[in-house]
Amino acid sequence: MKTITTTEDLAAFCDAARAHPYLTVDTEFLRERTYYSKLCLVQLAYPGDGENDAVIVDPLVEGLSLDPLLDLFRDDSVVKVFHAARQDLEIFWVDHGVIPTPLFDTQVAAMVCGFGEQVGYETLVKKIAKQSLDKSSRFTDWSRRPLTDAQKTYALADVTHLRVIYEFLAGRLAKTGRDRWVAEELNTLTDPETYTVRPEQAWMRVKTRSNSPRFLAIVRALATFRENYAQKRNIPRSRVFKDDALVELASTKPADMADLGRSRLLLREARKGDIAEGILAAVKEGLDCPKEDLPQPDTARDKLNVNPALADLLRVLLKAKTESSGVASKLIAPAADLDAIAAGERDVSALRGWRYEVFGEDALRLCEGRIALSAKGKNVSVIEL
């Protein structure tokens with residue numbers, strides 16, 4: 001197995017890869033101790049069964065530039081194949097401002113092709129490539145050198161079997177005409193906005209029990225401070241303070257260091273220095289926030305007048321469509337979409353694009369009383385009215 005440690009060798013591999021229709025890609029990274037992922041390995045393979053068509057690239061080697069690979073990522077003539085690509089793509093976008101195109105994600109394709117919800121790579125290797133994976137190196141420290149042969153074998157398996165999986169899924173999609181469906185799903189993955197974290201919006205991810213605008217203003221200020229602090233120092237946000245501590249601080253509203261010292265959930269390191277000062281400033285900012293600038297809770301979902309009987313019927317229809325199409329139900333319509341449709345909402349993803357063809361059209365007809373559902377044994381069928 002070949003490990004690339006020079007820019008020249010990487011350029012030679014990328015030049016060879018351009019002669020092929022696709023390139024399979026995977027990465028190994030660490031994120032436990034940092035805010036941003038630390039890229040430790042890149043695995044690459046193009047079609048073939050020789051010694052040089054699958055390689056490991058070591059980005060930690062001093063002097064190695066990934067520029068040849070980034071140029072290949074921009075080459076529209078070669079499809080870049082990943083499995084569960086989101087974290088990999090985030091690394092390349094954050095570190096280099098590049099998103100590989102055109103893109104193919106075998107996890108998304110497998111969900112469209114009837115392999116279930118969020119199907120794992122190991123499952124696809126077994127079902128499609130008819131191989132098994134040695135997962136003994138799954139929880140290894142990929143930043144340590146030298147790499148063992150077992151680590152290299154594990155890493156390469158993530159791109160060599162992926163070739164077989166890609167060709168199988170791409171063939172099935174072409175045969176069924178569902179390649180357009182996958183392309184629609186990949187628009188989110190190829191949108192840079194997906195990987196852009198705005199500190200001022202971080203509060204929306206914090207779960208709270210109170211919807212008081214003033215309380216939420218403090219949550220917003222604390223979450224913004226935490227995000228900025230974590231980004232600038234490249235540490236996990238939980239190392240600054242965790243969500244439960246954030247909610248506690250928004251409730252107790254500490255005004256000085258003595259108040260901070262009485263916190264039950266705040267880490268010891270956060271009770272002093274820059275973090276403590278940042279917390280106190282954020283709490284004051286939330287308390288002083290002008291009334292017109294207070295955040296407003298999203299109560300739209302709470303106000304939905306859901307018809308529970310209709311929502312149940314939509315779930316039955318979705319199950320029938322899932323079974324007949326072979327597409328994972330969560331990919332077609334999450335539970336929130338079903339409730340929204342049952343409440344009369346129409347601006348939902350389940351009623352757009354390929355989802356409309358598979359489920360949305362009949363969902364609307366069911367809501368309008370133009371079709372009914374009939375059960376016979378384990379099967380559910382649509383009846384025209």
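This is a predicted model: local features need pLDDT of at least 70, side-chain atom pairs count only at pLDDT 80 or more; totals for chains, interfaces and linings use all residues.
Leu 44 has Val 55 in strand 4 as its bridge partner.

In a regular strand, side chains alternate between the two faces of the sheet. Strand 4 (residues 54-57) has Ala 54 and Ile 56 pointing one way and Val 55 and Val 57 pointing the other way. All four of these residues are buried.

The largest pocket has a volume of about 650 Å³. It is lined by 22 residues, of which Asp 26, Thr 27, Glu 28, Tyr 154 and Asp 158 are the closest to its centre. Two or more lining residues come from each of strand 2 (22-30), helix 3 (86-96), helix 5 (121-129) and helix 6 (149-176). Strand 2 gives the largest share, six residues. By class, the lining holds nine nonpolar, four polar and nine charged residues.

The second largest pocket contains about 430 Å³ of space. Among its 19 lining residues, Arg 31, Tyr 35, Glu 90, Tyr 195 and Val 197 are the closest to the centre. Helix 3 supplies the largest share of this lining, with six residues. The lining of the second largest pocket divides into six nonpolar, six polar and seven charged residues. This pocket lies between domain 1 (2-195) and domain 2 (199-293), because both domains give residues to its lining.

Key. Residues are numbered from 1 along each chain as its sequence is written. Side-chain values use heavy atoms; hydrogens and water are left out. Buried means under 20% relative accessible area, exposed over 50%, partly exposed in between (1.4 Å probe, protein chains only). Helices (H or I, at least four residues) and strands (E, at least two) are DSSP runs, numbered from the N terminus. Two strands pair if DSSP finds at least two bridges between them. On a 1 Å grid over the protein atoms alone, a cavity is a set of points where a 1.4 Å probe fits but cannot get out, and a pocket is an open set with protein on both sides within 12 Å along at least five of seven lines; lining residues have an atom within 4 Å of a point. Grid points are joined across faces, edges and corners, and a volume is the space filled by probe spheres set on the points. Ala, Val, Leu, Ile, Met, Phe, Trp, Tyr, Cys and Pro count as nonpolar, Asp, Glu, Lys and Arg as charged, and the others, Gly among them, as polar. Domain bounds come from an automatic or database domain assignment.
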